[in-house]
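Biologist: I would like to learn how to read the aromatic rings in a protein model. Could we go through them together?

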Amino acid sequence: MPDLSFQIESVQPAQFAAVPQLLFQLRIRDGETAAMATVQSLSLNVQIRIEPTRRGYQGVDAPGLRDLFGDPLRWGATMRSLLWTHVTCVVPAFTGETIFDLSIPCSFDFNVAATKYFASLEAGDIPLCFLFSGTMFYQSARGLQAGQISWEKEAVFRLPAETWHELMRRHFPDAVWLNIPRDLFAELQEFKNRQGLPSWDQALARLLTQADRNEVRT
């Protein structure tokens, strides 16, 4: 049975995609060179985790990191691995090794922990761990066989923070998405109409100005 290994070679933003996606170039290699079999197809499950303890944060004090891990003085105790996403894909037939573009959709929802973490880092790398599982179908002397990919298969990769920011600038230039409850949105919409404001930006700016004035008074 093929003994597959996995390695992430590089990453780049997907071109002409309807939603933000990163393309990770995944190299899959069969380690059984003595009896190399043809893999007819590979049903691959990939779990991607963020490993925040694998980088330093000197001089980094972003609100998103405080939201995730609390006060910086406690990060040594509060920082833990974060689940980014799960994806499933089908890798076509290959013998020996192949390169496969692993497409990962990226959310810009700031209620998502991964988005908060990515957005908080303007420079440096984001440590990722890719965990692989699934089923492979391969040709052997006995014909078509099926086998499971070991749960121990993984690959590490350092995603440049700038790559994620570049992707978001392409899809959301000079803007961010804020997800709020429906009842709160209804109140905001009522305020906007009552004030005669033409845009949501102006409604939020007016609310912030009023809040600042109230703080000064108190």
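Biologist: How many aromatic pairs does a search of the whole structure find?

Modeller: This is a predicted model, in which local features need pLDDT of at least 70 and side-chain atom pairs count only at pLDDT 80 or more, while totals for chains, interfaces and linings use all residues. Residues are numbered from 1 along each chain as its sequence is written, and side-chain values use heavy atoms, with hydrogens and water left out. Rings of Phe, Tyr and Trp (its six-membered ring) pair if their centres lie within 6.5 Å; planes under 30 degrees apart count as stacked, over 60 as edge-to-face and the rest as tilted. The search of the whole structure finds 13 such aromatic pairs.

Biologist: Why is the pair of phenylalanine 24 and tryptophan 84 edge-to-face?

Modeller: Their ring centres are 6.4 Å apart and their planes stand at 75 degrees, so the pair is edge-to-face. Strands are DSSP runs (E, at least two residues), numbered from the N terminus. The pair links distant parts of the chain, since phenylalanine 24 belongs to strand 2 (residues 21-30) and tryptophan 84 to strand 4 (residues 82-91), 60 residues apart.

Biologist: Are phenylalanine 24 and tryptophan 84 buried or exposed?

Modeller: Buried means under 20% relative accessible area, exposed over 50%, and partly exposed in between (1.4 Å probe, protein chains only). Phenylalanine 24 and tryptophan 84 are both buried. Tyrosine 117 is buried too, with a relative accessible area of 0%, and phenylalanine 118 counts as buried at 1%.

Biologist: Which residues do ring pairs link into a cluster?

Modeller: The cluster includes Phe24, Trp84, Tyr117 and Phe118, and among its other members are Phe69 and Trp164.

Key
Helix = DSSP H or I, 4+ residues; strand = E, 2+ residues; numbered from the N terminus.
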